[in-house]
There are 2 protein chains.
Amino acid sequence: MHQILIYEDNERLRNSLELLLKGMPNMNVVGGFGNCDKVIEQVKNLMPTVILMDIDMPGEGGIIGVEKVKRHFPEVFVLMFTVFDDDERLMACLRSGANGYLLKKTSPLQIIDAIENVASGGAPMTPEIARRVLETFKVERKIPSDLGLTPREMQVLELLIKGHTYKMIAHDFSISVETVRSHLKNIYEKMHVNNGNEAVAKALRMRLFE
Amino acid sequence: MHQILIYEDNERLRNSLELLLKGMPNMNVVGGFGNCDKVIEQVKNLMPTVILMDIDMPGEGGIIGVEKVKRHFPEVFVLMFTVFDDDERLMACLRSGANGYLLKKTSPLQIIDAIENVASGGAPMTPEIARRVLETFKVERKIPSDLGLTPREMQVLELLIKGHTYKMIAHDFSISVETVRSHLKNIYEKMHVNNGNEAVAKALRMRLFE
DNA sequence: TCCGTCATCCCCCAAAAGTGCTATTGATAG
DNA sequence: CTATCAATAGCACTTTTGGGGGATGACGGA
């Protein structure tokens, strides 16, 4: 039996949802509220297993809501439920640990499905949401921004990042320290930096290495 | 009409898939191969709209495959298709721009669904996969794991990462170079590193700074 | 063939960094 | 009231680094 708590400021919609869920044999709506101001208290008292959470609400919205809930009750499943679909909010919810993300145009049947799904450890999202999540993965991916470093220079830089001294690098490649020095000079010039620390930071931030 | 290309090294499975898809009125299987060695050429010639891609294949596997395809033909949809696997590979595929991720235990009906879905811009994944994707979002936001650095040490480290010399750091904080030196000594010890480069790398990798 | 790039090596030299100690002060926790 | 800790500072000493030169052979494209 799923114990469901609903946060949704549109009263009519909230009531429809309650009716819908109460019609299911294995679902019990333990409460419904129009904002998240007292979410901690409410969750503590009503002990839901699944929360349906609207994002846009007066007072404390769903993003703060999911954060609070997940911080205090990480075992409670939170399903975001919204018309809004800008990437910012989506990401904020996901980072806060929301377990799923539904759009309001989702059909009642799918909502039921999603609740079952999330309660059994899944992470329901509409294909649209899923697509955007994947999208952000690609964006976060490095663009091989070309600094014009030669293969050797890359190898040297890699060891520098590992904290090797010039001497150690020279030894690793069986070349002279002077050569390492030359490579580093060229690297610094190409990267427009003045010392190793800066080069290391820049290289990592550009994701030249992981 | 979807033009489908299949990469799957298990011949029996590949044939089953072909049969399944050919049975659909709006799907056409344009080819099937056991590895990705010539994937660019094949995609160019066969012009699929959707590719079903196994991950584990002899020769070039599906991860290299999806990378190649997405680099040369970003408009072609790629559906990864695999037995359950480690997070590493999953993430690698997603970063490479895979459009969806199916488990081999997925039912034929769902496979059909997924193809329709991906072709219309969605991103089908099983709830299981979705859960793991969300999981990584939470993990990626891990809190600055505590090295026990004091506030001052953090400030000093931050400037070090910017490439400032001891002298510059000292000047910035109106303290003596010897003090900066002391802080750095403590920082290196706490971080278990031996020099600035290593400290910078470690700090950035731990996301102590961005 | 000539020119450019890469990788290699060398010199000099000053500045910077790192190591190992010690030590004072002020705040804070027990 | 002490013990700890953060922040400060100093000194001696060695090693490493960065910036300025210059040089050579190999390789490849114009």
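Student: Hello! Against which helices do the buried residues of α10(B) pack?

Tutor: The buried residues of α10(B) pack against α7 and α10 of chain A, together with α7 and α9 of chain B. Please keep in mind that this is a predicted model.

Student: Which residues of α10(B) are the buried ones?

Tutor: To call a residue buried, count the other C-beta atoms within 10 Å of its own and look for 20 or more. In α10(B), the buried residues are G196(B), N197(B), A199(B), V200(B), A201(B) and A203(B). Just after that helix, R207(B) takes a positive phi of about 55°.

Student: What about R207(A): where is it found, and what is its phi?

Tutor: R207(A) is found in the segment after α10 of chain A. Its phi is near 55°, a positive value in a residue other than glycine. R207(A) counts as partly exposed because it has 13 C-beta neighbours inside 10 Å.

Student: Let's step back to a whole chain. How many helices and strands does chain A have?

Tutor: Chain A has 10 helices and 5 strands. Of its 210 residues, 32% count as buried. To read how a chain folds back on itself, look at how far apart in sequence the contacting residues are. Among the contacts in chain A with a separation of 6 or more, 61% are accounted for by residues 24 or more positions apart.

Student: Could you show me one helix of chain A in detail?

Tutor: Gladly. Helix α5 of chain A covers residues 108-119, which makes 12 residues. From first C-alpha to last it reaches 17 Å, close to the 16 Å expected at 1.5 Å a residue. Its buried residues are A114(A), I115(A), N117(A) and V118(A).

Student: Why do the buried residues of α5(A) line one face of the helix?

Tutor: Look down the helix axis and see where the residues point. The buried residues of α5(A) fall within an arc of 165°, so they line one face. Just after α5(A), G121(A) has a positive phi of about 90°.

Student: How many residues of chain A are in contact with chain B?

Tutor: There are 31 residues of chain A in contact with 31 residues of chain B. On the chain A side, α4 (87-96), α6 (127-139), α7 and α10 (196-205) each supply at least two residues. The largest share, 8 residues, comes from α6(A). That side of chain A divides into 15 nonpolar, 9 polar and 7 charged residues.

Student: What rotation superposes chain A on chain B?

Tutor: A rotation of 178°, with 2.1 Å of shift along its axis, superposes chain A on chain B, and the RMSD is 2.8 Å. The same surface serves both copies, since 100% of the contact residues of chain A recur in chain B.

Student: Now the DNA. Which residues come nearest to DNA strand C?

Tutor: There are 21 residues around DNA strand C, and T150(A), R152(A), I175(A), Y166(B) and N195(B) come nearest. At least two residues of this surface come from each of α7 (151-161) and α9 (177-191) of chain A, and from each of α8 (166-173) and α9 (177-191) of chain B. The surface near DNA strand C divides into 6 nonpolar, 9 polar and 6 charged residues.

Student: And which residues come nearest to DNA strand D?

Tutor: Of the 23 residues around DNA strand D, the nearest are Y166(A), N195(A), T150(B), I175(B) and S176(B). Here α8 (166-173) and α9 of chain A, with α7 (151-161) and α9 of chain B, each supply at least two residues. The surface near DNA strand D divides into 6 nonpolar, 10 polar and 7 charged residues.

Conventions. Residues numbered from 1 in each chain as written. Chains lettered and ligands numbered in written order. Predicted model: local features only at pLDDT ≥ 70, side-chain atom pairs only at ≥ 80, totals over all residues. Near = placed C-beta within 6 Å. Helix = DSSP H or I, 4+ residues; strand = E, 2+ residues; numbered from the N terminus. Nonpolar A, V, L, I, M, F, W, Y, C, P; charged D, E, K, R; others polar. Contact = placed C-beta atoms within 7 Å. Expected span 1.5 Å × (residues − 1). Buried ≥ 20, exposed ≤ 12 C-beta atoms within 10 Å, placed from the backbone. Arc of directions from axis to C-beta. Least-squares fit on C-alpha atoms with pLDDT ≥ 70 in both.
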